[in-house]
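Good morning, and thank you for making time for this. Please keep the structure in view while I walk through one part of it.

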Amino acid sequence: MVTKKTSPDLLNSFSFKSLKLKTKQQELLIRVSILGLVYVLAFIARLFSVLRYESMIHEFDPYFNYRTTLFLTEKGFYEFWNWFDSESWYPLGRIIGGTLYPGLMVTAALIYWALRFLRFFVHIREVCVLTAPFFASNTTIVAYFFGKEIWDTGAGLVAAALIAICPGYISRSVAGSYDNEAVAIFALLLTFYLFVKAVKTGSLSWALGSAFGYFYMVSAWGGYVFIINLIPLYVLVLLITGRYSMRLYVAYNCMYILGMLLAMQIRFVGFQHVQSGEHMGAMGVFLLMQVFYFLDWVKYKLNDTKLFQTFLKITVTSAVLVGGIALGVGTASGYISPWTGRFYSLLDPTYAKDHIPIIASVSEHQPTAWSSFMFDYHILLFLFPAGLYFCFKRLSDATIFIVMYGLTSLYFAGVMVRLILVATPAVCLISAIAVSATVKNLTSLLRTKQKIPQAGSTKGVGSSKSSSKVTLDQSQPFQKNGAIALLVGVFYLLSRYAIHCTWVTSEAYSSPSIVLAARGAHGNRIIFDDYREAYYWLRQNTPTDAKVMSWWDYGYQITAMGNRTVIVDNNTWNNTHIATVGRAMSSYEDEAYDIMRSLDVNYVLVVFGGVTGYSSDDINKFLWMVRIGGGVYPVIKEPDYLVNGEFRVDKGASPKMLNCLMYKLCYYRFGELVTEYGKPTGYDRARGVEIGNKDVKLEHLEEAYTTSNWIVRIYRVKPPTNRL
Amino acid sequence: MAINKKLASLLFLLATVSSFASSASFSDPDSDSDLVNELVSLRSNSESGVIHLDDHGISKFLISSPAPRPYSILVFFDATQLHSKTELRLQELRREFALVSATFLANNNGSDAEKLFFCEIEFSRSQTSFQRFGVNALPHIRLVSGSTSKLSDESGQMDQSDFARLAESMAEFVEQRTKLTVGPIQRPPFLSKAQISVIVALIVIATPFVIKRILRGETLLHDRRLWLSGAIFIYFFSVAGTMHNIIRKMPMFLQDRNDPNKLVFFYQGSGMQLGAEGFAVGFLYTVVGLLLAFVTNVLVRVRNLNVQRSVMLVALFVSFWAVKKVVYLDNWKTGYGIHPYWPSSWR
């Protein structure tokens, strides 16, 4: 366990104090080897998914990323950039180049081309599968340097080790989860590190680096909005607390202007930096910086303080007024767009629930319960307040930044589960400070005692302070055994952390969700590979121009694996189109048939867990279809599908529910089936009830294919009957 | 069979004729328009357009003017003595009711506005009407449409689900039943325009002074302890899942279904939590972290060795217990049994 080793190894090196030069060399050697081990550890911990399943792409969005990467490597960059995809969002189509963040695909393609150039002939899929672990390893290196910058090398090493196996990060970066976040967290941390470095040194080159880091982040993930708001906020806090300096001026201006210009090169982002409300804070702070600089200059020129005070008042008031008016006019005239729903729901968390069902419906947008924090951070949560305390003890520009980063991201993580990912680096860094500072103090104390055994316990403060230079905070006058007890406690915690992370990675976060695993009656593993079975069936048995209608969750997978055109997919850009599908699913069959005819649908695909007990199937998602459909088409009303506010599928279900298309397609022929011993026919194992409508008759659709465990069911839409 | 059919049609004919006659004789257009005018004038007296009726008003507008009436009345049943029972949400519903009424008035002019009236009756002053309507549980809102002849007819009752989403769902109910449009609910802004302008003016005036103090470096903002406690608070707020409680409107605890005297504080199942449970665990997190900081930074200043020792022992014990407890709770809640992997030869 590398985590456990980091600190003691580092501290062992201090015992060779007499040989100065050699000690340093030894220390460097140990540090580099620990880092190397952490680098490898971060990579191999993420290979659990490959071991337990196979080398494949996970979940939903990664399939789109994989499909576009494949396109990019086959057709080249310009084709990719101008790609109009007619296979999704039928009949609208989608302009791929202008509606995605290309960072991930370009990165994977570059790695692929580099490997080909070096004569390693790998398949592009393997590159895609291993991109996330590779970047996670790189993140540990950045975390090391970041920790070194804000505290010391010890904290850097601990931070690298913590982040290497932190479940909050692993959940989004196991092998196969080929998603934007995989490279984005690396880019995020890199940008922050370079910016902090720039503020510390005031050097243009670091600021330039930070601007490029920002560019990479913008190209990779929509979460860049966090950076463009956090950094101005940080600058603002520094201004308010009287920490304005020339270094800050250079760093922020260079980073903002260059970063903005670079970000505009990404088509999906475009002119948002000067037009959208989410980016206006950064511009406001930029202008404020200029006012500060100007005031500084005037103060230098004017020697009269009274005159300066008056001047100050006038300037500041007019600057604030002008800014406010400009913002007002911009917003009113429509030049500056208002905040988007996703952003707004972060600030006012109840907003999405009431107004945007399509955001509220996604499981990763749910608010976080304490158990999720515990699951993803484990002991880091206990160490975090201590780390905060240490940061405040030694306040500097860098620690202010990490504290702000930690707190804002933790707040956002509380609002949405998926943002735990963004908070992970900050939590690891702050906890690393706590671990490193504590361990360092305690061990230095132990060694001091060994050297000066006669030192009295009451004099402890003085003796340990004077004798060891490595002590950063006031050292402890504890007895030796007190220090040992504390150390043992800390190592116990760290070992628990390592155990927890390994277990969680292997059992909870390595599932590809496209292949399902369950424990059989005898404890053996059962694999359900129904998704791929269905998609390959579509690919081989349907006409190439067939249009498949399904709920949007499966859109990316159908286009990537089934190679067929879909009506809606996971890029939820057109709410009306999704609502149309939701309406079709929740209408009676003949009404749905008209909708399907108007969309040229040939096949309908539903996911059903009644046989296997798979709970995230379409019936459980059905209320969201009703809500989203009803949001656009008022004929669909949620109460029609509920009985006393309760969602049921058994005999007590509402008549509309029992006869809507989704119900019929899921439960067609299910009434004949015995699913569990000792239960009547048509017993739904996912919901634990006997279904209410066992005699489902289809009029305009016919069953085309049902996978071996009934998880995916595909229906063919019949052509209209002859007119008589 | 044939005779039966004939008889039935005859009866039907009779019934229609008589009903026609009765409607012709009773619903006199003049008195109807008088009633409507009176209702309109009553409505104009109240700000939101909700008419306060008593027994007399009910008998006048609903009983002595039989169906079909040219107007529908939506009645909100209120009871002042029950306002203290917060779980009934009477006052909140009454406010929402007024909102629907005001919105309806704002969006409808002319004849449509005279087809629907929003009324309320209060229990202590109109007990007879409550009996007539057959209302014995609150909250209760009922639509008496123009064709309703018997007051005890409960078909116009608004379901629990119809005011679950407050004014919005009430408006949907009204639109569905009366075929009138209410339109989007216009909630009053959180701050009125005058208030906003005053606040903006205050901020603008205060800015130079604030900046001056900031430049001198003597504000509360320069106090580290304040920032530290704020930071710890945000941490506690986040990890305790408070946002989850706010968004999902989770209660602090639940009553046990099987045993009403027992309270449930912990909910089993990840992704959900109760209010008190989050705060308890968040508190444990914070305590351990702060104890660590305290032991390594504050305790060292204490000169008395015995105090140091005992405090440290207590701190160690408390931390150990808290960590153990949280890990146990987490395993129980998520249902995962987390264990280390040993090499298979060790078993």
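Predicted model: local features only at pLDDT ≥ 70, side-chain atom pairs only at ≥ 80, totals over all residues.

Helices here are DSSP runs of H or I with at least four residues, strands are E runs of at least two, and both are numbered from the N terminus. Residues are numbered from 1 along each chain as written, chains are lettered from A and ligands numbered from 1 in written order, and side-chain values use heavy atoms, without hydrogens or water.H4(B) lies across E1, E2, E3 and E4 of chain B, running at about 160 degrees to E2(B), where angles, from 0 to 180 degrees, are taken between N-to-C directions of lines fitted to C-alpha atoms, for helices over the stretch in contact.

Those four strands form an open sheet in the order E1-E3-E2-E4, with mixed pairing, and two strands pair if DSSP finds at least two bridges between them. Strands E1 (50-53) and E4 (140-144) of chain B stand at the edges with a single partner each, so one side of each has no neighbour in the sheet. E1(B) runs parallel to E3(B), residues 116-122, and four bridges join them; His52(B) stands opposite Glu120(B) in E3(B). Helix H3 of chain B, residues 55-63, also packs on this sheet, touching E1, E2, E3 and E4 of chain B, where contact means heavy atoms within 4.5 Å.
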